[in-house]
Amino acid sequence: MSVMTPQERAARASQIVSGLSRTQKIGLLSGADFWHTTALPQHGIGAVHLSDGPHGLRVQDGAVDHVGQAASVPATCFPTAVTLASAWDPDLLAEVGAALGREARALGVGVVLGPGMNIKRHPGGGRSFEYFSEDPFLTGACATAMVRGIQSEGVGACVKHFAVNNQESNRMRLDTIVDPRTLRELYLAGFETAVTRAAPWAVMSAYNLVNGEHAGESRTLLAGILRGEWGFDGLVVSDWFAVADRPAGLRAGLDLEMPSSSGAWDARVAAALDAGAVTVAELDAACTRVVGLALRVAEGKAAAGAAPADLAANHALARRAAAAGTVLLSNDGVLPLSGEGTIAVIGAFARTPRYQGAGSSLVNPTRLDTLLDAMRERHGETLAWAPGYDPDTGATSVDLLAQARAAAAAADVVVLVVGLPARAESEGYDRPHLRLPVGQETLVQVVTDANPRTVVVLVNGAPVELGWADRPAALVEAYLGGQAGGSALADVLCGDAEPGGRLAESFPVAGEELPASANFSAHPTQVQYREGPWVGYRFHDTFGVAPRFCFGHGLGYTSFAWSDLSVEGDGTDLTVRVTLTNTGSRAGSEVVQLYVHDVTSSLRRPEQELKGFARIRLELGEAGQVAIGLDRRSFAVYDVATAAWLVEAGEYELRVGASSRDLRASAVVTVASDDVVTPVAAPAGPLASDAEFAALLGHPVPTAPPLWPLTEDSAIGDLRQTWLGRRLYALANLVAGRRLALDEGDANGPMMEAALAEMPLRGVVAYTGRRFGFTHLQAALAVLNRATIRRRR
Ligand code: BGC
């Protein structure tokens, strides 16, 4: 099969759609099952297999689910997005993407559900490990590279979750209130980059609402911004069970509902067509895009074949990527380990690794390396080992502490691995605080007291509070390194690989200091982004609140001298050059980061924003030049009044550095421009008051959607407001627990509880097929809503 141009493909798809009956068309709009689109065998259109994503494949050939509970076939578990982003290396992300693409092809997958690219608004977000960064420029660069990599293998990528899905709690019905400038500059900018530069085959709409509209039903987001402004011509697919109103979604541009709801919505779609609320043109457009995707997948398959993936090579790549994303936070010279003397490895995660996060991204790895084995390979059985804590809970005991203390005291150097247990961070819920388990904090004290030559290694998917950060001789953030994370970590500790990572997020001293903490993961139906753009380094740098470790920070094993900063070009199309010389004792690489500071802005802007970066690798004594390009958008602000990106005339300082707070040189340029930015009053502090927030929104702050009366959008957990509902809820829990074969103490337990409690009632209709249809739901709601006497609140 030859590859068609997009126009040819669209024409072919539309020709096929024109031959379908209305019923067939409606049927095409929802999946055939949990993971496949509906096929049209009579037209030679096969079913497309969509599969998670994002850092490995989760292909289920038995029981199915969207939360990673049932088994999946083995696949390479690459490092999670937080680790990959820390490599600040688009080429590496493209390599990982291509490897994912090859595995996908070999497993018959047509679309990989990833990368995930939501902004880390708050480090407590349960799914932070699955996202790249707090910064949209870095997020956009990572996602663009990964999408290109996946699609280079003839497999589609599906960027997700569009948009503003920045917390897990109540994600399925949470109304996210965000002002238009922050929406554009912070939450959409990364998607914009990936969509316009990498042209993903698909975009997944998010569960949550954005300013009162379900993301998958938002004409503003889908028809207006995604398709209209950015020219996206691919498929928009719902997140699993996210559809709230299928006709409204169709009108807005949501093409495909996933998974199958067994025709539950068909009658409503047909009625909407009869009433003219959905037009035939809208129906046909969605069907054409579903068929277009299937044609594209078939072309990709035909062009690339389905050779088995090289799993050994992919494991090696996963190892390289994990080392590249490992961040050396501090080091008094103890690292790399000299190889002399005795070593104690302490920490249960060295033997029972935490290497990925729970939920829909859970991969069944092809192999699993542990740090303990990798260190024993190098240092033999003489290496001492003590668990220190329980890997499931992080709790320690008097005995475990005593063992750890003895092992530490007897060794010349200690590697102590601590971090978040699987239950502490997961898809489906957020972290209530940013601390490590108390037992591990005690262990850090005990071990560093017993031996100051201790290297503490963190394994976790998001920042933790590190009040004790200056106790160890070195501190390493290994994040969640995937199936080869254990050996990669040994590579870094022993100096076979350099710690290539730089933080793609800020580590606050304490979670409470973050303005987003005032409105995070608390209210069941609404979240107000009153902090506007003051997320991550944008907050720390603008308000002079030093983080524990700043955005962009990360040490290597060598040092560099920076010189000869120069800027060339016209207007906003500039090239910034800087020379680095490796002045240390070994070969190594540095990430040159370019931040733009608007000196004369008439609008409140962040102190500085990342607008470019480049990694350079230099041999000992070698010098090399880095060139980073800037364009109009590097200087622009989103002007809400004119809905345009504008550049103000004036001075801009271009700052280059090894982190957001380790700036090495700067140059001021004067940009000429006729753009007139509309004046906007800025809130006095980092958190907008009612009046200030209303001014930013352009309307009064909306009241949160009520929990009563119950509607199709109410969560199953809301049933607990009535006596009858509490009994129904208990029954639903029981049935779900049995169906998912959950054991007591299952690591996925809390996520499953959250998933059930937060599943909207409409989701039950989709989940049960038509056995419990919308008519049943409406009847049940009428009864439940009458039971007001039994209301608890
Ligand atoms: C997640 C998506 C995932 C989908 C399918 C949802 O719960 O939010 O990221 O792709 O399930 O597993």
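**A close look at Gln-625 and beyond**

Guide: Leaving aside residues up to four places away in sequence, Gln-625 touches Arg-577, Val-578, Thr-579 and Ile-616; contact here means heavy atoms within 4.5 Å. The model is predicted, so to speak of local features pLDDT must be at least 70, and side-chain atom pairs count only at pLDDT 80 or more, while totals for chains, interfaces and linings use all residues. Residues are numbered from 1 along each chain as its sequence is written, and side-chain values use heavy atoms, with hydrogens and water left out.

Gln-625 is part of strand S20, residues 623-630. Helices (DSSP H or I, at least four residues) and strands (E, at least two) are runs numbered from the N terminus. Between Gln-625 and Ala-736 there are 111 residues along the chain, and their C-alpha atoms are 59 Å apart.

Now the wider layout. The protein chain is assigned domain 1 (6-11 + 22-55 + 74-304), domain 2 (317-504), domain 3 (560-674) and domain 4 (716-784); such bounds come from an automatic or database domain assignment. The C-alpha centres of domain 1 and domain 3 are 32 Å apart. Their contact involves 15 residues of domain 1 and 17 residues of domain 3.

Domain 1 and domain 3 bury about 1400 Å² between them, with 60% of this on carbon and sulfur atoms. Buried area is the accessible area (1.4 Å probe) that two parts lose on being put together, summed over both. On the side of domain 1, Trp-88, Phe-137 and Arg-181 lose the most area to domain 3, and together they make up 48% of what that side buries.

One salt bridge is found across the interface of domain 1 and domain 3; the rule asks for a side-chain nitrogen of Lys or Arg within 4 Å of a carboxyl oxygen of Asp or Glu. Arg-633 and Glu-192 form a salt bridge through their side chains, at 2.9 Å from N to O. Five residue pairs, both members at pLDDT 80 or more, are in polar contact between domain 1 and domain 3. A polar contact is a pair of N or O atoms within 3.5 Å; within protein, one must be able to donate a hydrogen and the other to accept it, and residues adjacent in sequence count only if both atoms are side-chain atoms.

On the side of domain 1 that touches domain 3, the elements giving two or more residues are helix H5 (136-151) and helix H6 (180-198). H6 supplies the largest share, seven residues. By class, that side of domain 1 has eight nonpolar, no polar and seven charged residues. Nonpolar covers Ala, Val, Leu, Ile, Met, Phe, Trp, Tyr, Cys and Pro, charged covers Asp, Glu, Lys and Arg, and the others, Gly among them, are polar.

There is also a ligand. It is surrounded by 15 residues, the closest being Asp-52, Arg-127, Lys-160, His-161 and Asp-239; a residue counts as near if one of its heavy atoms lies within 4 Å. A polar side-chain atom of Lys-160 is 2.9 Å from a ligand oxygen atom. For Asp-239, an N or O atom of the side chain is 2.7 Å from an oxygen atom of the ligand. Arg-58 has a polar side-chain atom 3.0 Å from an oxygen atom of the ligand.

The bond from Gly-53 to Pro-54 is cis, with omega near -5°. Gly-53 sits in the loop between strand S1 (50-52) and helix H3 (81-86).
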